[in-house]
Amino acid sequence: MATRPELSPTLKAVSDAVLAVAAEQSVEDVLQRLVHSARELASARFAALGLPDGEGGFRRFLTSGMSDELVASLGPLPRQHGVLGAMLETRAAYRTADIHDHPRFRGWWPSGHPDMRSFMGVPIVAPQGVIGAFYLTEKVGGPDFTDEDEELIELLAAHAAIAIANARLYEETRELSVHAERNRLALELHDAVSQKLFGLVLNAEAAGTLLESDPEAARVQVAKLQALAGEALDELRSLMFELRPPDLERDGLDGTLRKHVDVLRHLQDAEIELDVVAAQATLPPDPGRDGEVLRIAQEALQNALRHAGAKRIAVRLRGDDAGLVLEIEDDGRGFDPHAPGLRSRRLGLTSMEERAERLGGWLEIRSAPGAGTTVRLEVGAG
């Protein structure tokens, strides 16, 4: 049997970096992996990847080979001056045995910055131009970086350009989702609150008409007026809570979900049970993941309260080393999840499914007419 040839260390490093670009969901993780790969491929002591912010600075500047303490001691992100800026003004790579000889070198380093001599800069080029650059210094085992080093980092830069383009597309998609969410809430505000306000006007007119001719009937209308006003206020408060950005960074997913359920308990005539088990304590906070999970929970709760007429809802959130599980079960009127055209009428279902897909998770909706609904979300630890 023929033996399977092994990949060379350099080819394997490029392969690992390419797979990271395709598999990672976090932009920061992808770029950090690319920086580490660049340093290893070129046998450099230090490496960095800079993405310009369009205002003379960097919106991201990731390093490899420096300790967190050293990076923190160097202060804010660098500006696009000197050699850093020069690499963003050309599509060609640049190598030198001594960066001090570069005409743009200013002759000094920030306090605590290690001195550097051998240098290689490789621009990251996209169809629209240079969108970033790799910076490598201090060649290990040699006085200067080689042609082979340059070819490998240029290959890596091509994949970095794809990763950055995908990241921007993903961010734009998220922004569109936010706009869609606000449009949904605006429609709910119109449907729920506006109808009650219209009822308020009709009852006020009826009470005014009956005030002199039939005071007793007028009192009945005023009582209805008070009830409708209270319902409209509750609906408005609930929607305003959804519009207000949750403080996930401060309270975490567990705490924010608890606060949301507490508000709904005061606003809605339904029993809502909450069971949270070690969700945040086991998994580190992830604002992107936690925000999507919270929105799915809010959507499922609003569906149960507003559309299903549920009187009892159970919310369960569990976290362990394998990931997060969210389950929301209600005793409402239920529906057929597979009914034709259902998602064109109930956009919230599509929204939940899209959020789960963005998380790389699995969403299951179990329901039947008259049998309540269970929404279950499973998200891996990643």
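How many bridges join strand 1 to strand 2, and in which direction do the two strands run? In this predicted model, six bridges join strand 1 to strand 2 (residues 58-64), and the pair runs antiparallel. One of the facing pairs is made of Ala-48 and Thr-63, the latter in strand 2. Five residues lie between the strands of this hairpin, and there Gly-54 takes a positive phi near 80°.

The secondary structure of the protein chain comes to eleven helices and ten strands. Buried residues account for 43% of its 382 residues. Of the contacts between residues at least 6 apart in sequence, 62% join residues at least 24 apart. The accessible surface of the chain is about 20,600 Å², and carbon and sulfur atoms own 55% of that area.

Most residues other than glycine have a negative phi. Ser-43, however, has a positive phi near 55°. Ser-43 sits in the loop between helix 2 (27-41) and strand 1 (44-52), and with a relative accessible area of 32% it is partly exposed. Glu-138 likewise has a positive value, with phi near 60°, but Glu-138 lies within strand 5 (residues 129-139).

Arg-104 gives a view of the loop between strand 3 (94-96) and strand 4 (119-126). At 31% relative accessibility, Arg-104 falls between the limits of 20% and 50%, and therefore counts as partly exposed. Leaving aside neighbours within four places in sequence, the contacts of Arg-104 are Gly-82, Val-83, Gly-85, Ala-86 and Glu-89. One of these, Gly-85, is 19 residues from Arg-104 in sequence, and their C-alpha atoms are 8.8 Å apart.

A second open sheet, also of five strands, has the order 6-7-8-10-9, and its pairing is mixed. Strand 6 and strand 9 are its edge strands, each pairing on one side only. Gly-323 faces Gly-380 of strand 10.

Helix 9 lies across strand 7, strand 8, strand 9 and strand 10, and it runs at about 10° to strand 8. The geometry of helix 9 can be checked simply: at 1.5 Å a residue, its 21 residues should span 30 Å, and the 29 Å between its end C-alpha atoms agrees with this. Of those 21 residues, 17 are buried, so helix 9 is largely enclosed by the rest of the structure. Just after helix 9, Gly-309 adopts a positive phi of about 60°.

The largest nonpolar core has 32 residues, and those touching the most other members are Ile-313, Val-315, Leu-326, Ile-328, Met-352, Leu-363 and Leu-377. Elements that each supply at least two residues of this core include helix 7 (248-267), helix 9 (287-307), helix 11 (347-359), strand 7 (312-320) and strand 8 (323-330). Helix 9 gives the most, with eight residues. Met-352 shows how the parts meet: not counting residues up to four places away in sequence, Met-352 touches Ile-296, Glu-299, Ala-300, Asn-303, Leu-363, Ile-365 and Val-375. Apart from this core lies another, of 28 residues, among them Leu-31, Leu-34, Phe-134 and Ala-163.

Definitions and conventions: Residues numbered from 1 in each chain as written. Predicted model: local features only at pLDDT ≥ 70, side-chain atom pairs only at ≥ 80, totals over all residues. Heavy atoms only, no water. Core = buried A, V, L, I, M, F, W, Y, C linked by side-chain atoms within 4.5 Å. Buried < 20%, exposed > 50% of the residue type's maximum accessible area, 1.4 Å probe, protein only. Helix = DSSP H or I, 4+ residues; strand = E, 2+ residues; numbered from the N terminus. Contact = heavy atoms within 4.5 Å. Expected span 1.5 Å × (residues − 1). Areas by Shrake-Rupley, 256 points an atom, 1.4 Å probe, with all protein chains shown as cover. Pairing = 2+ DSSP bridges. Axes fitted to C-alpha atoms, helices over the stretch in contact; angles between N-to-C directions.
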